[in-house]
Amino acid sequence: MLNQATMDMLTAMKMTAMAAEFANQLKDPTFNELGFEERLGLLVNAEWNRRQSNKLDRFIRNAHFAVPSATMEGIEYHEDRKLDKAQMLRFATCQYIDEGHHIILKGASGNGKTYIACALGNAACRRFKKVQYIRMPELLDELSFARSAGTLKKVLESYKKKDLLILDEWLIRPLSPQESYDMLEIVEARCRKSMIFCTQYESEGWYTRIDPNPESDSPVSEAIMDRIIHNAYEVLVDGRVSMRERKGLKAAREGGGQDT
């Protein structure tokens, strides 16, 4: 009766893993050989693991990854992709986030930039860092709406709080003057916080996409690029065959691939 009451109280306090472990110990007589401290340690460990797992799930869910299942282990290092595995593993430690550096993933469409970015984001979540993934067109729409609704400051503050911001499809199209100013606000708000940029364009070509007017000497373009490029690791994601093609070929032969 006392044991059931204890389990009921644990459940009521939302210590469900501890309650389950307690029930397991009551059923298994081998636990009687352990001392009180050891059994208590097992109970606490079960509850701790459950809460850490739930916390991780929440961090990954809140990041809104395009590929939530992406992991560092799932990255494929084909020779023609020219990926430095040692560098990727260093990125997985999240030291670049602690030091406030950016990462620029550049390469043709379909070469797996999004997967790698999400894998890096997943690695950051596993160290309980707050991550946000968003496509640039969606970000521009959000900033435009926030400006018209008078909530731009609130939106910028929310992005400022993230430990890592992943911008996919960076400069997928040329920006309007207002969009350039909005992006400067984002970059300025995160001047000491890390970002990952997924882009098809070399950084030398960013200037004319931030300010498409060839006769303009835009200080906004200079300001945005200065805050990113000189503080970023540039990673070429190459490949004679796109990862989408590789996945199709691999699926036909073996039933599926990972990195897309």
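The structure is a predicted model, in which local features need pLDDT of at least 70 and side-chain atom pairs count only at pLDDT 80 or more, while totals for chains, interfaces and linings use all residues. Residues are numbered from 1 along each chain as its sequence is written, and side-chain values use heavy atoms, with hydrogens and water left out.

- Helices (H or I, at least four residues) and strands (E, at least two) are DSSP runs, numbered from the N terminus.
- Strand S2 covers residues 131-135, and four of its five residues are buried, so the strand is largely enclosed by the rest of the structure.
- S2 pairs with strand S3 (residues 164-168) in the parallel sense over five bridges; two strands pair if DSSP finds at least two bridges between them.
- Within this pairing, Tyr133 stands opposite Ile166 in S3.

**Salt bridges: rule and count**

- Side chains of opposite charge can pair when their charged atoms come close.
- A salt bridge is defined as a side-chain nitrogen of Lys or Arg within 4 Å of a carboxyl oxygen of Asp or Glu.
- By this rule, the count is eleven salt bridges.

- The side chains of Arg50 and Glu47 form a salt bridge, with an N to O distance of 2.6 Å.
- Both residues lie in helix H3 (residues 36-63); because they are three residues apart, about one helical turn separates them.
- Glu47 is buried, at 5% relative accessibility, whereas Arg50 is partly exposed, with a relative accessible area of 24%.
- A network of salt bridges links Glu47, Arg50 and Arg51.

**A salt bridge between distant parts of the chain**

- Lys82 and Asp238 meet through their side chains in a salt bridge of 3.3 Å, N to O.
- This pair links distant parts of the chain, 156 residues apart: Lys82 is in the loop between H3 and helix H4 (85-92), and Asp238 is in the loop between strand S5 (232-236) and helix H12 (243-254).
- Lys82 is exposed, at 57% relative accessibility, while Asp238 is partly exposed, with a relative accessible area of 24%.

**The Arg135 salt bridge**

- Arg135 forms a salt bridge with Glu138, and their closest N and O atoms are 3.3 Å apart.
- Glu138 is partly exposed, with a relative accessible area of 41%.

Key:
Buried means under 20% relative accessible area, exposed over 50%, partly exposed in between (1.4 Å probe, protein chains only).
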